[in-house]
Amino acid sequence: MTPADRLLLRAVGSAGWWTPVLAVVAVVGVAAELALPATLGRAVDAAVGTAPGASSGHWLAAVVGLIAVLVATDAVRDYGTGAATARSVAGLRHTLARHVFALDPRIAARRPVGDLVGRLVGQVADAGQAAPTVVLAGTVLLPPLGSLVALTLIDPWLGLTFVVGLLLLGVLLRNFVADASTAVAGYQQAQGELAGRMVEALAGARTIAAAGTAEREVARVLTPVAALRAHGARTWTVLAGAATRGAVVNPLLQLAVVAVGGLSLAAGRMTPGELLAALQYAALGAGLGTVVGALNKAVRVRAGCRRAADVLGEPVRRYGTRTLPPGPGELELREVSVRGDDGRPLLDRVDLRVPGGTLLVVVGPSGAGKSLLAAVAGRLRDPDSGEVRLDGVPLPELAPAALHAAVGYGFERPVLVGDTVGEAVGCGADPVPVSRAAAIHDFVERLPERYRTPLAEVAMSGGERQRLGLARALRAGRLLVLDDATSSLDTVTEYRVTRTLTGPGDRRTRMVVSHRVGMAARADLVAWVDGGRLRAVGPHRVLWDDPDYQAVFRA
């Protein structure tokens, strides 16, 4: 069983009890649909006197009852289809979103954001129709088969005529599923590529405007439209071809049934009511629209499941179950190496021990590996070899809650998440202390609803956004990692924040990536990174004697 098939079964299961309800309703509806022509035929025979002793009133009542059953089953089916689809889509979106956020950031970054959004919004919506589609696929052949049986019982020659017509339809449609699958898969892929380019362009809208390259960027973003149009046109061409073949064969089949039925009626082998029933069975059994619609929906569901399963196939980051023992927040890196996608070493056998409570400033030239070292220290990225420990516990062995409570990150350009400013600082805790420490509390107090102000309604400068991100990072219990997290602050604000980070009251271990000599001078230790290697570790005043170290800050 392929991953797409497993995801399809999961989507069917997510629909809950609506799946068996839809199956029962579908079977009851088909049974009523098949019983209606025969019942109507009996009513006609009773009315014209070809069925002596039969009451036309009873048969007409039966016809009305069957029509009522069809109306009721249609209503339940329509409502149940929507309810089942909604449940399946919600379940699949939760599954896919949780999986994406559980991925290693390096793996997640390989996929364009727009493509992931397209899969989460568009393709999951297609995959979520799995339950009603499976029910439809399981019952779509019942009307043709039932019609064949009914026609054969009325007159074996009618059954043979119908079989010949169905075989002809099958030959004409033999390539429909393959052609439709290829077209739909191509359309969804082009759709994801278009969404990815659009997200990239929106993220760099200011740069595009400043460079005056809007027209060129529009052309780049819309490049997949040609493929999108081609695959869309192919999809409709396949559907139109199938419908055209049906439009030709269906009337011919019904005419053949009329001809054979007329001969049987003339020969006395059939009553007028049976001829009416035969015509209805021929129309019911040869109706191509339902079959083509079911096949097309199955193709879209299968393609959506394949696109979603492609993301779910990526391995997630594994966590342990351990918690941290009491400790000061000692950080230790043992023979840590990280390689790029091309195999080039980005960090090369780094050994580093940071005593608990130490303020460690990481310095080095651009591209030396400073941010990567900071990412490895708090498990934003796992090393390809070596080990990182916090208070003696390897980071991969920690439970997620223990790791996230112990480690906090502040970035140069933080992404704020949450509905309100308070949630952006940190959910479920008092945001005021950390906001004061990050020098952002006064700004929040001036907002209309203070910490309850919707985040989307707050206009912020780069420095204010950076301080909100810093406030969230300050919730860290043992290890605080700041990657150039004060670069957008003015001098006065930076001094206030720096005083908080370097003050004697902060007992956490603090790792700060910085380019500023003042921050290095305040550090307990400085880690000098160069070319992915740890060139030296020591107090700033000791390292300052090296001209190459001084050149780091001049650059």
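Q: Is Asp-391 buried or exposed?
A: Asp-391 is buried, with a relative accessible area of 13%, and because the cut-off for buried is under 20%, Asp-391 falls within that class. Please keep in mind that this is a predicted model.

Q: Where does Asp-391 lie, and what is its phi?
A: Asp-391 sits in the loop between β4 and β5, and its phi is near 50°, which is a positive value in a residue other than glycine. The two strands form a hairpin with 2 residues between them, and Asp-391 belongs to that turn.

Q: How do β4 and β5 pair?
A: The pairing of β4 with β5 (residues 393–394) is antiparallel and runs over 2 bridges; the bridge partner of Leu-390 in β5 is Val-393.

Q: And which sheet are they part of?
A: They belong to an open sheet of 4 strands in the order β2-β1-β4-β5, with antiparallel pairing. The edges are taken by β2 (345–354) and β5, each with a single partner strand, so one side of each is left without a neighbour in the sheet.

Q: How many bridges join β1 to β4?
A: Strand β1 (residues 331–339) and strand β4 (residues 385–390) pair in the antiparallel sense over 5 bridges. Within that pairing, Arg-334 stands opposite Glu-387, and Glu-332 has Arg-389 as its bridge partner in β4.

Q: What about β1 and β2?
A: Those two run antiparallel and are joined by 6 bridges, with Leu-333 opposite Leu-352 and Val-336 partnered by Val-350. They also form a hairpin, this one with 5 residues between the strands, and Gly-343 in the turn has a positive phi of about 90°.

Q: Which other non-glycine residue has a positive phi?
A: Ala-439 has a positive phi of about 60° although it is not a glycine. Ala-439 lies in the loop between α18 (432–437) and α19, and at 7% relative accessibility it counts as buried.

Q: Changing topic, which residues touch the most other members of the largest nonpolar core?
A: Of the 37 residues in that core, Val-363, Val-421, Val-444, Leu-468 and Tyr-549 touch the most other members. Elements that each supply at least two residues of this core include β3 (359–363), α17 (421–425), α19 (441–445), β7 (479–483) and α24 (547–554), while α20 gives the most, with 4 residues.

Q: Now the pockets: how much space lies in the largest one?
A: About 1600 Å³ of space lies in the largest pocket. Its lining is made up of 41 residues, of which Phe-101, Pro-105, Leu-380, Phe-411 and Val-417 lie nearest the centre.

Q: Which elements supply that lining, and what is it like by class?
A: At least two lining residues come from each of α3 (56–102), α4 (105–108), α5 (113–127), α16 (400–406), β6 (407–411) and α20 (462–473). By class, the lining has 28 nonpolar, 5 polar and 8 charged residues.

Q: One more residue: where does Ala-201 lie, and is it buried or exposed?
A: Ala-201 lies in helix α9 (residues 176–203) and is buried, with a relative accessible area of 10%. Leaving aside neighbours within four places in sequence, Ala-201 is in contact with Ile-208, Glu-217, Arg-220 and Val-221. For one of these, Arg-220, the separation from Ala-201 is 19 residues in sequence and 9.4 Å in space, C-alpha to C-alpha.

Q: Finally, how many helices and strands does the protein have?
A: The protein has 24 helices and 10 strands, and buried residues make up 45% of its 555 residues. Among contacts between residues at least 6 apart in sequence, 77% join residues at least 24 apart.

Key. Residues are numbered from 1 along each chain as its sequence is written. This is a predicted model: local features need pLDDT of at least 70, side-chain atom pairs count only at pLDDT 80 or more; totals for chains, interfaces and linings use all residues. Side-chain values use heavy atoms; hydrogens and water are left out. On a 1 Å grid over the protein atoms alone, a cavity is a set of points where a 1.4 Å probe fits but cannot get out, and a pocket is an open set with protein on both sides within 12 Å along at least five of seven lines; lining residues have an atom within 4 Å of a point. Grid points are joined across faces, edges and corners, and a volume is the space filled by probe spheres set on the points. Ala, Val, Leu, Ile, Met, Phe, Trp, Tyr, Cys and Pro count as nonpolar, Asp, Glu, Lys and Arg as charged, and the others, Gly among them, as polar. A nonpolar core is a set of buried Ala, Val, Leu, Ile, Met, Phe, Trp, Tyr and Cys residues joined through side-chain atoms within 4.5 Å. Buried means under 20% relative accessible area, exposed over 50%, partly exposed in between (1.4 Å probe, protein chains only). Two strands pair if DSSP finds at least two bridges between them. Contact means heavy atoms within 4.5 Å.
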